[in-house]
Structure formats: structure tokens, C-alpha cells
Amino acid sequence: MPGMARRMVAFRGSLLGHLRGGLSYVWIGAMYVVSGISGAKAADMAAVAPVLFPEMRERGADEGDLVALLSATGAQTETVPPSLVLITIGSVTGVSITALFTGGLLPGLVLGVMLCLVVWWRNRREDLSAVRKASGRQIGRALLVALPALALPFVIRAAVVEGVATATEVSTIGIVYAALIGLLVYRCFDVKRLKPMLVDTACLSGSILLIIGTATAMAWALTQSGFSTQLAQAMAGLPGGAATFMAVSIVAFVILGSVLEGIPAIVLFGPLLFPIAHQMGIHEVHYAMVVI
């Protein structure tokens with residue numbers, strides 16, 4: 001993202017930077033929008049943190065709070081398209097990726113609002129005597145500069161929802177758009193970073209393929225052993241119906257998330273649990289958001 005994250009953060013900073021906890025609000029909003037570009041939470045955090053960390057330290061923010069906010073917003077944006085987790089869960093369970101892309105926006109927004117309430121509570125006594133409010137002209141200039149970057153998440157989502165490209169093909173559209181904006185608009189495309197980015201992309205793609213391959217083999221073994229049938233019978237026989245099944249699923253994935261990365265956990269147990277959820281009348285997109 002050649003300079004795009006920096007412009008988006010600068011625009012939000014001009015709007016909210018003068019408020020108590022304003023840069024934390026900027027952080028939450030920036031992560032929500034930036035996550036609509038990369039699809040990988042590690043890339044989202046790497047794009048936003050270097051821009052905001054120094055300014056927030058100067059305002060006296062505790063480094064522990066900054067790391068906690070970074071982690072929380074990274075989890076918050078897992079359901080924002082084009083999230084790798086959404087694509088994975090759609091691939092292994094057969095749920096429409098377009099439906100997941102549409103359904104994932106609201107949970108991420110709700111989590112963002114809840115984080116904003118926590119930020120408001122923790123920063124309600126912050127000293128802002130040295131902070132100046134941006135003028136209307138400065139806000140307008142920042143918006144004008146940030147518009148090309150702000151448009152990218154909408155371009156990506158529209159391409160998928162309107163059927164212009166699949167969830168995997170749309171990444172190419174995002175890359176071409178970002179490269180053109182970096183070269184022609186922001187003029188800060190660093191060619192020297194291209195090779196490391198390609199290497200990182202290949203490493204990430206390879207690790208995901210290894211995870212999916214191994215987890216798929218494990219899921220096949222569990223199915224052949226009869227474990228999946230026993231699990232389905234046990235989950236379907238729980239008292240309380242769909243509500244109990246949902247609660248047990250939450251506990252199960254909290255435990256799994258403590259010992260596994262999200263993608264392996266979903267690949268391993270998604271194909272086993274989604275058919276049970278469907279039998280109990282739970283909407284597949286709803287269940288997917290709870291699982292994520």
C-alpha cells in the first residue's frame with residue numbers, strides 16, 4: 001500500500017485527533033478501512049502502527065495500551081472483506097464467499113463501536129491542552145488527498161458483489177489499483193520493496209496451502225474414523241437446541257483458538273460443525289461470523 005494507509009490515517013487524524021482518545025478512534029477506523037485492502041491482519045497492523053505509534057507515544061500513551069489496542073483491532077477486522085479467513089471458511093464449507101463478504105461488515109463495525117466505548121472510558125481525563133484542532137481547510141485537503149485510498153475497499157467489494165471478479169481474482173484488481181495510485185497519484189512507490197513483498201507473499205501463500213492441505217487430510221481421517229458422525233450426534237443431542245449448540249461452538253473455538261491459528265481451526269472443524277448448524281436452522285453466514 002504505497003502511501004495509502006498514511007493518507008487515510010492523516011484524514012481521520014484531522015477529523016478526530018483533537019478529541020480525548022482521538023488517535024485511538026483514528027486507529028480503530030483506519031484498521032477497519034485498511035483491512036478492506038489487504039485481507040491479512042498482520043499486514044493491516046504493519047501498515048497502521050508505524051504511522052500512529054510515534055504520535056500516540058508523544059501524547060503519553062502507555063505502550064501496553066497501544067499493543068492491546070493493536071491486537072484488539074486486528075481481531076476486530078477479521079470479518080471485514082477481503083479477509084483471508086472469510087475466503088478460507090467459504091472454501092472449506094461451501095458457504096458463499098460473496099455472502100460472507102457482505103455479512104462480515106456489520107460484526108466488524110459493532111466490534112469497532114464497542115472498542116470506541118472502551119477508548120472513551122479510558123481516555124476521558126486525557127490532557128489535550130497542547131493539541132490543536134484542524135481547520136476546515138486542512139480537513140478538506142486531507143480528504144482530497146485520501147480519496148483515492150479510501151475508494152479502494154469499495155472497489156474491491158463492488159467487484160466481488162457485482163460478479164466482476166471472484167474473491168481470489170479481486171486481489172489482482174486491488175494490487176493493480178494500489179500500484180497505479182502509488183505511481184501516478186502519491187508517487188511514492190518504492191521499487192526496492194517489491195522483491196521482499198513478493199517473497200513475503202509467496203511465503204504466506206505457501207504456509208496457507210500447507211495448513212489447508214494438512215488440515216484437510218486430518219478432517220478426512222476424522223471422517224473415516226467415525227469421529228465426525230459421533231460429534232454430529234453428540235452436538236445434535238444437546239439439550240436446548242440451537243442456542244446450546246451455538247454456546248458450545250463458542251467455547252470450543254475459544255479453546256481451539258488458544259492452541260491453533262484461526263485458519264487451521266476453521267479448516268479442521270468447519271466441515272464437521274457447519275452441517276450440524278444447518279440442520280438446527282442456524283443461518284450459515286451467522287454461524288460463520290460466530291466461529292470467526
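Ser83 is buried, its relative accessible area being 2%. In this predicted model, Ser83 belongs to the loop that runs between helix 4 and helix 5. A polar atom of the Ser83 side chain lies 3.2 Å from the backbone nitrogen of Val85.

Helix 4 spans residues 63–76 and contains Asp65, whereas Arg122 lies in helix 7, residues 105–122. Side chains of opposite charge can pair when their charged atoms come close. Asp65 and Arg122 form such a salt bridge, with their closest N and O atoms 3.1 Å apart. Because Asp65 is in helix 4 and Arg122 in helix 7, the pair ties together parts that are 57 residues apart in sequence. The two partners can also be described by their accessibility. Arg122 has a relative accessibility of 56% and therefore counts as exposed, being over the 50% limit. Asp65, at 34%, counts as partly exposed. A search of the whole structure finds one salt bridge.

The wider architecture comes next. The domain assignment of the chain gives domain 1, residues 3–189, and domain 2, residues 196–291. The contact between them takes 14 residues from domain 1 and 13 residues from domain 2. The C-alpha centres of the two domains lie 27 Å apart. The size of an interface is often given as the accessible area lost when the parts come together. For domain 1 and domain 2 the buried area is about 1,200 Å², and 89% of it is on carbon and sulfur atoms.

On the side of domain 1 that touches domain 2, the elements that give two or more residues are helix 5 (84–93) and helix 6 (97–103). Helix 5 provides the largest share of that side, seven residues. By residue class, this side of domain 1 divides into nine nonpolar, five polar and no charged residues. Specific polar pairings across the boundary were also counted.

Ile181 has its place in helix 9, residues 170–186. With a relative accessibility of 10%, Ile181 counts as buried, because the value is under 20%. Leaving aside neighbours within four places in sequence, Ile181 is in contact with Pro148, Tyr186 and Arg187. Ile181 and Met4 are 177 residues apart in sequence, yet their C-alpha atoms are 8.3 Å apart in space.

Val155 is found in helix 8, residues 136–161. Its relative accessible area is 31%, so Val155 is partly exposed. Not counting residues up to four places away in sequence, Val155 touches Ile173 and Tyr177. A separation of 36 Å lies between the C-alpha atoms of Val155 and Ala252, which are 97 residues apart along the chain.

Terms used:
Residues are numbered from 1 along each chain as its sequence is written. This is a predicted model: local features need pLDDT of at least 70, side-chain atom pairs count only at pLDDT 80 or more; totals for chains, interfaces and linings use all residues. Side-chain values use heavy atoms; hydrogens and water are left out. Domain bounds come from an automatic or database domain assignment. Contact means heavy atoms within 4.5 Å. Buried area is the accessible area (1.4 Å probe) that two parts lose on being put together, summed over both. Helices (H or I, at least four residues) and strands (E, at least two) are DSSP runs, numbered from the N terminus. Ala, Val, Leu, Ile, Met, Phe, Trp, Tyr, Cys and Pro count as nonpolar, Asp, Glu, Lys and Arg as charged, and the others, Gly among them, as polar. Buried means under 20% relative accessible area, exposed over 50%, partly exposed in between (1.4 Å probe, protein chains only). A salt bridge is a side-chain nitrogen of Lys or Arg within 4 Å of a carboxyl oxygen of Asp or Glu. A polar contact is a pair of N or O atoms within 3.5 Å; within protein, one must be able to donate a hydrogen and the other to accept it, and residues adjacent in sequence count only if both atoms are side-chain atoms.
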